[in-house]
Amino acid sequence: MHNQTPLFDALKLYEEQDVVSFDVPGHKRGLDSETDLHYYGRSTLRHDVNSMPQLDNYDNPKGVIKEAQDLMADLYLADQAHFLVNGTTEGIQAMIFSVCKPGDKLILPRNVHKSVLNAMALADVTPIYVLPEFDTEFGIAHNLSVETVRKTIEEHPDARAVFIMNPTYFGAVSDLKAIVDLAHAHDMPVLVDEAHGAHFRCSPELPISSMEAGADLAATSLHKTGGSFTQSSVLLVKGHRVDPHKVKSVINMLTSTSASYLLMSSLDIARKHLALHGEKRIQALMPHVRQFKEAVTAVPGFHMLDGHDFNRLYNQDLDETKLTIYVDSSIDLSGFEIYKLLRNDYNIQMELAEPNVVMGIVTAADNAYVLERLRDALMDISHKHHDAAREVYAPVLKQLAIPEQAMGLREVLYGEKHPVSIEEALGEICAESLMIYPPGIPILMAGERISQEVIDYWQFINNQPIIKIGTENSNQVYIMNRKEDN
């Protein structure tokens, strides 16, 4: 069954036909021979088409799109799968809009992706933030503990749903099955941001996937770790706690009526490849990943996030395909600087950097050679920049207490605001979410009141030469206008 690619096959058949195009897109399947679009190849141009009977219709699929989506659902153990052409951001919006009404509470981890906050602002949903487990050695946040979720549900029994990441950016995986069972016992659906877990279905060596754990909805980025084109994703639906008709209606509301066949067919192709070859590829890759981690941990100045210790410390699973490399202070470079050095001097592009961390992702497409390239580069960097005489200190980042939510996210979105210096912001309501940049630990979320602890930490962070705060001006913060200001 999974050796079929119904949507991709239909596109190939259409490509072979001598069709005169009086429809969109305007490049007319590459009719103009002088356009530089031909750099991308004849098949790319001839597969960039619009809806028509033989290629099905995205809004109400009954043909090859539906067949391809049904195969995707089968692979991921879902009741339904919907192709997405605006990334997992669209899937996260669709999950929240499908389940929550204005004023509903949503339980979610503090370290969620910004798309979750934006979706809650548009839907007028009240966030109930939960602090994840925090890694004081690496200076990064991990995932939620079952006990923390249990306590939060008991404190907010009127919450509409629970939102979970599977995994976090750095690969931390909660006991998702236990959390799903706990939420379902309180008749709360579970929504999963599975942006970095599309490969979990490939191998028993990897953590459990969202649908295997019984989640109700999951937005899964096949483009990140599954091999499809950038911006393609799927929304998975399972069970009776969500209305499938409403889910599809919301997706249609959020999606272009000209959904890209290139993106959708890449999902069809990626699904086939994962189903037929994913397990074999992952099993062949994992020994090389473990050898890499052992080798890098032995390099002076570098440490790897290790699955065995991780489970012991946090009672959470770890996706070993995430290469989280800690840089201690015996090396005179920050994570940001090593990220830049790897790209400029070694032609190696990592996924992200933090003050004390640089992180990369491996997928079923990788091999031993690329891991050896990274290992050798890190060994060279250590040789040039490590000094055992330097003092080794703890990471600079920490996790703050959750501040008072003084205003709703939607009220913040549409309210009047203005900038002030951080020193003048004590007691004011923050009008933007303040994050360590690149993605890291939230300092403050929109709508929260600015405390002295926040101001002190902000100033401390700003004095670190290796850290940036994700705002236009690191000395200013936007706050909500008071009534007397309007």
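Predicted model: local features only at pLDDT ≥ 70, side-chain atom pairs only at ≥ 80, totals over all residues.
Start with the open sheet, which has seven strands in the order 1-10-9-8-6-2-3, and their pairing is mixed. Which strands stand at the edges? They are strand 1 (80-84) and strand 3 (126-130); each has a single partner strand, so one side of each is left without a neighbour in the sheet. On average, neighbouring strands of this sheet are turned by 20° against each other, ignoring direction.

For a look at one pair, find strand 6 (residues 161-165) and strand 8 (residues 190-194), which run parallel and are joined over four bridges. Met165 has Asp193 in strand 8 as its bridge partner.

**Helices across the sheet**

| Helix | Lies across | Angle |
|---|---|---|
| Helix 3 (residues 64-75) | strand 1 and strand 10 (233-237) | about 120° to strand 1 |
| Helix 6 (residues 146-155) | strand 2 (105-109), strand 3 and strand 6 | about 145° to strand 3 |

**A patch on the surface**

Now turn to the loop between helix 1 (6-16) and helix 2 (42-47), where you will find Tyr39. Is Tyr39 buried or exposed? Tyr39 is exposed, because its relative accessible area is 72%, and exposed means over 50%. Together with Leu37 and Tyr40, Tyr39 makes a nonpolar surface patch of about 410 Å².

Technical notes
Residues numbered from 1 in each chain as written. Heavy atoms only, no water. Patch = residues over 30% accessible without salt bridge, like charges linked within 9 Å, V, L, I, M, F, W, Y side chains within 5 Å. Areas by Shrake-Rupley, 256 points an atom, 1.4 Å probe, with all protein chains shown as cover. Salt bridge = Lys/Arg side-chain N within 4 Å of Asp/Glu carboxyl O. Helix = DSSP H or I, 4+ residues; strand = E, 2+ residues; numbered from the N terminus. Buried < 20%, exposed > 50% of the residue type's maximum accessible area, 1.4 Å probe, protein only. Pairing = 2+ DSSP bridges. Axes fitted to C-alpha atoms, helices over the stretch in contact; angles between N-to-C directions. Contact = heavy atoms within 4.5 Å.
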